[in-house]
Amino acid sequence: MAMIRRMEALDRKYDSTIGALGARWGLYSEQSFRNALRGILTGFFNLEVINVIEYDDTGAVFGRPDQIELDLIIKNGLLIICGIKSSVSKADVYAFERKARWYEQRHARQADRLMIISPMVDARAREAARRLQIDMYSFAEEAGEALSREAERSDRATDADC
């Protein structure tokens, strides 16, 4: 019996250690991607990329006061609100949408586009994002879908200009 308890304790310790490593990897990869996005977009496309950390003192987003973090991409008045996460669940999509709407209301500025970037996206999260009209950018196999949507937008903009 003592042997089983020790094995269970070791099992919990390994689970905890692996979970901590995963969380750290997630935070580091999010920041790495954020830095790359900023470097690419500001260096090559003359866009402004801002990591916004503000405080929702009314609790409008999470039901209690808390910090709100979003990434903004801005050019010539165009505003894209972006969420960068190591993984995305359906609840994460809804939380992102609440944060984006909170930002719009607080700054009296409508976003032109909402997007979430993540290497791991739950299927239910993808469906929620589609319903909320949030563009989802994920692993390479899905790049074709995102590029197709972008081409459609570009075509519509060109048609409107004519």
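Colleague: Which side chain makes a polar contact with the side chain of Gln 110?

Modeller: In this predicted model, the partner is the side chain of Glu 104, at 3.2 Å.

Colleague: Where does Gln 110 lie?

Modeller: Gln 110 is in the loop that runs between α2 (90-107) and β4 (113-117).

Colleague: Is Gln 110 buried or exposed, and why?

Modeller: Gln 110 is classed as exposed because its relative accessible area is 58%, and the cut-off for exposed is over 50%.

Colleague: What is Gln 110 in contact with, leaving aside its neighbours within four places in sequence?

Modeller: With those neighbours set aside, Gln 110 is in contact with Leu 79, Arg 101 and Glu 104.

Colleague: And how far apart are Gln 110 and Ala 100 in space?

Modeller: Their C-alpha atoms are 9.4 Å apart, and ten residues separate the two in sequence.

Colleague: Changing topic: which residues touch the most other members of the largest nonpolar core?

Modeller: Those are Ile 81, Val 93 and Tyr 103, in a core of 23 residues. Two or more residues each come from β2 (66-75), β3 (78-84), α2, β4 and α3 (123-131). The largest share is that of α2, with five residues.

Colleague: What is Val 93 in contact with, beyond four places in sequence?

Modeller: Val 93 is in contact with Val 88, Ile 116, Ala 125, Ala 128, Ala 129, Leu 132, Ile 134 and Met 136.

Colleague: How many residues are in the second core?

Modeller: That separate core has eight residues, among them Leu 47, Ile 73, Cys 82 and Met 115.

Note on methods. Residues numbered from 1 in each chain as written. Predicted model: local features only at pLDDT ≥ 70, side-chain atom pairs only at ≥ 80, totals over all residues. Heavy atoms only, no water. Helix = DSSP H or I, 4+ residues; strand = E, 2+ residues; numbered from the N terminus. Buried < 20%, exposed > 50% of the residue type's maximum accessible area, 1.4 Å probe, protein only. Contact = heavy atoms within 4.5 Å. Polar contact = N/O pair within 3.5 Å; in protein donor to acceptor, adjacent residues only side chain to side chain. Core = buried A, V, L, I, M, F, W, Y, C linked by side-chain atoms within 4.5 Å.
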